[in-house]
Amino acid sequence: EFLVLVLIANAIAWPVGYFLMKNWIQEFVYKADFNISVFLISGATVMIFALTTVSYHAIRSAFANPVDSLRYE
């Protein structure tokens, strides 16, 4: 479920980021070219971070003792 949200966020952020970077680069004398690989690498990095975070919390919850949680409630 979280990966779908990350994909939706990337679908929104990529066009906005492309437009802003394109307009910002136009102001420089020496222009750097950028292509789709910048967006793909950043999207893959965010997906890896999201998957790692969710997996860590899921594994931690799976190994937790339910008695400890009930004791505090």
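Predicted model: local features only at pLDDT ≥ 70, side-chain atom pairs only at ≥ 80, totals over all residues.
1. With a relative accessibility of 47%, Asn35 counts as partly exposed, because the exposed class begins only over 50%. From C-alpha to C-alpha, Asn35 and Ile12 are 17 Å apart in space, while 23 residues separate the two in sequence.

2. Turning to the fold as a whole, the protein contains three helices and zero strands, and its elements, read from the N terminus on, follow the order α-α-α. The radius of gyration is 20 Å, well over the 11 Å that the globule rule gives for 73 residues, so the protein is more spread out than a compact globule. Along the principal axes, the C-alpha trace spans about 65 × 20 × 20 Å.

3. Helix H1 runs over residues 2-25 and has 24 residues. From its first C-alpha to its last, H1 reaches 33 Å, which is close to the 34 Å expected at 1.5 Å a residue.

4. Within H1, the residues Val6, Asn10, Gly17 and Ile25 are buried. As background to reading such positions, an α-helix has 3.6 residues a turn, so residues three or four places apart point the same way. For the protein as a whole, buried residues make up 10% of the 73 residues.

5. As for the surface, the accessible area of the protein comes to about 6,500 Å², and carbon and sulfur atoms account for 71% of it. The protein has 4 positive and 5 negative side chains, and the centres of these two sets lie 5 Å apart.

Technical notes: Residues numbered from 1 in each chain as written. Heavy atoms only, no water. Helix = DSSP H or I, 4+ residues; strand = E, 2+ residues; numbered from the N terminus. Rg over C-alpha atoms; globule rule 2.2 N^0.38 Å. Buried < 20%, exposed > 50% of the residue type's maximum accessible area, 1.4 Å probe, protein only. Areas by Shrake-Rupley, 256 points an atom, 1.4 Å probe, with all protein chains shown as cover. Lys, Arg positive; Asp, Glu negative; His and termini not counted. Charge placed at Lys NZ, Arg CZ, Asp CG, Glu CD. Expected span 1.5 Å × (residues − 1).
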